[in-house]
Amino acid sequence: MGEDSHLKINAAVGDVPSINPRLRRPKRPAVNVEALAQGILAGEDRALAQGITLVESTLQKDHLLKVQLLERLLPSTGKAFRLGISGVPGVGKSTFLEHYGLHLLKNDPTAKLAVLAIDPSSTRSGGSILGDKTRMVALGQHERAFIRPTASGGTLGGVARATKEASLLAEAAGYTHILIETVGVGQSETAVSQLVDCFLFLAMPGTGDELQGIKKGIMEMADLIAINKSEGEQRPRAERSAAEIRRALQLFSGAPFDWVPPVLLVSALQSEGFEAVDEALDRFERHSRAQGWWEEKRSQQNLYWFEHQWREGLWEWAQSGP
Ligand code: GDP
């Protein structure tokens, strides 16, 4: 890893890395919400990283600051394309994010890309399947990319809420594409589907009827499915898997509007099939906007998080009493 990327990724964490856990972290300086908001609105990554650290904080004393910051930034949010990406460990999510992210930035000189993650494993163990800082090195060095490793700790709902707020901050900082990665194990997909406009599910070439662990519920959430690792001699297998998934998709009629998820073949490693992904994402956005579903989904999501916040607040309040 180059010197720069090291600096950049550490800056994105917004904190001093704890090489020796016994060393105490330096005290965080007092937060000036207005200065922080202005830094974020000016597109400063450092301010963005600090803002995200604040919204991730579970400390009572940060609560008001967090609300003030979000209120200040809310008018500057809502313009980004929010894409969720999921798939089982090893399917190639980080390879896809790195190579597709670079492809996107290359093709659109005005694009700015923020990668966030929701990792259910980090909420249980403090360890993480997704949050490895050595991933996405080239993307991490790109001046128009911002990568935020997973917030660990707390409940999945809490981490998902922090990720929602982090994505609002990234939008206010001028990021046009927010990619939210999660690991394909079930619960976290439901949370991510409440955060994004479009959900891309990555699968691998597989055999027979196993569908590579794609559970029905997850399949129903996907707006787009890409079979990764479809290069070279894997191609025929990948095509068979794609046909099988397309057949399975016909059995579901859960889509709230008439969209059949396209099943594409890609190779994240070789950057193959990305134009078809661009085309499908573009078609999805146009179609869902034309149907009024785009706005409808965002207002439903706002309602979901509003209710979620209420429940969480009540729970905290109940727990704080005798
Ligand atoms: P993640 O756990 O889903 O994030 O998966 P990774 O991105 O870490 O990839 C897991 C492994 O699959 C790594 O060894 C990658 O190099 C490899 N991989 C990812 N994408 C491709 C691909 O398109 N083709 C091939 N052959 N290997 C890939």
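Ser57 touches Asp62 and Lys66, leaving aside residues up to four places away in sequence. Keep in mind that this is a predicted model.

Reader: Okay, so is Ser57 buried or exposed?

Author: Ser57 sits in the loop between helix H3 (45-56) and helix H4 (63-73). The cut-off for buried is under 20% relative accessible area. Ser57 comes in at 10% relative accessibility, so Ser57 counts as buried.

Reader: Which side chain has a polar contact of 2.5 Å with the side chain of Ser57?

Author: On the backbone side, a polar atom of the Ser57 side chain lies 3.1 Å from the nitrogen of Leu59. For the side-chain pair at 2.5 Å, the partner of Ser57 is Asp62.

Reader: Moving on to strand S1, how many of its residues are buried?

Author: In a regular strand, side chains alternate between the two faces of the sheet. On one side of S1, Phe81, Leu83 and Ile85 are buried, and on the other so are Arg82, Gly84 and Ser86. For S1 (residues 81-86), that makes six of six.

Reader: And what is the bridge partner of Gly84 in S5?

Author: S1 runs parallel to S4 (residues 177-182), with five bridges, and there Gly84 pairs with Ile180. S1 also runs parallel to S5 (residues 198-203), joined by four bridges. In S5, the partner of Gly84 is Phe199.

Definitions and conventions:
Residues numbered from 1 in each chain as written. Predicted model: local features only at pLDDT ≥ 70, side-chain atom pairs only at ≥ 80, totals over all residues. Heavy atoms only, no water. Buried < 20%, exposed > 50% of the residue type's maximum accessible area, 1.4 Å probe, protein only. Helix = DSSP H or I, 4+ residues; strand = E, 2+ residues; numbered from the N terminus. Pairing = 2+ DSSP bridges. Polar contact = N/O pair within 3.5 Å; in protein donor to acceptor, adjacent residues only side chain to side chain. Contact = heavy atoms within 4.5 Å.
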